[in-house]
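I opened the notebook for a quick pass over this chain.

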Amino acid sequence: MEGLVAASRKFVTGYKNETPGSLKLIDVYLVYIMLTGISQFVYMIIAGTFPYNAFLGGFISTVGSFVLAANLRIQTNSQNKDGVKKISFITIKL
């Protein structure tokens, strides 16, 4: 258990010190989208599935937004310059 705590502490301090602010902003957005999807799913379980198409539309849009934001994070990460040869239009706008 102590090893897990030490590894978590090392991860958090490394993230705070080495991650650029633009990637932290994208990470906050990713967490927000994930919490939105989880809350939609929990609401569907509690309230029922009567407007199922509305749930599907909202949930699929959060999944799509998460995927696009994750791709943006991969493209803007400076450590991935060798793997990502072409940068999308959205990255150039940032």
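The model is predicted: local features need pLDDT of at least 70, side-chain atom pairs count only at pLDDT 80 or more, and totals for chains, interfaces and linings use all residues. Residues are numbered from 1 along each chain as its sequence is written, and side-chain values use heavy atoms, leaving out hydrogens and water.

Next I checked the partner of Asp 27. Arg 73 forms a salt bridge with Asp 27, with the closest N and O atoms 2.4 Å apart. The pair links distant parts of the chain, Arg 73 in helix α3 and Asp 27 in helix α2, 46 residues apart. I counted 1 salt bridge in the structure (a side-chain nitrogen of Lys or Arg within 4 Å of a carboxyl oxygen of Asp or Glu).

Then the fold. I read 4 helices and 0 strands (DSSP runs numbered from the N terminus: helices are H or I of at least four residues, strands E of at least two). The order along the sequence is α-α-α-α. Of the 94 residues in the chain, 17% are buried.

On the surface I found a nonpolar patch with about 990 Å² of accessible area together, its members including Val 31, Phe 41, Val 42 and Phe 66. Patches take residues with over 30% relative accessible area and no salt bridge; nonpolar side chains (Val, Leu, Ile, Met, Phe, Trp, Tyr) are joined within 5 Å, like charges within 9 Å. Areas come from the Shrake-Rupley method with a 1.4 Å probe, and for residues only the protein chains shown count as cover. Helix α2 gives the most, 8 residues. Both α2 (21-47) and α3 (52-76) supply at least two. I looked at Val 42, which lies in α2. Val 42 is partly exposed because its relative accessible area is 39%.

Last, the largest pocket. Its lining includes Phe 11, Tyr 15, Glu 18, Pro 20 and Arg 73. A pocket is an open set of points on a 1 Å grid over the protein atoms alone, with protein on both sides within 12 Å along at least five of seven lines; lining residues have an atom within 4 Å of a point. Helix α1 (residues 2-18) gives the largest share of the lining, 4 residues.

Conventions:
On a 1 Å grid over the protein atoms alone, a cavity is a set of points where a 1.4 Å probe fits but cannot get out, and a pocket is an open set with protein on both sides within 12 Å along at least five of seven lines; lining residues have an atom within 4 Å of a point. Buried means under 20% relative accessible area, exposed over 50%, partly exposed in between (1.4 Å probe, protein chains only).
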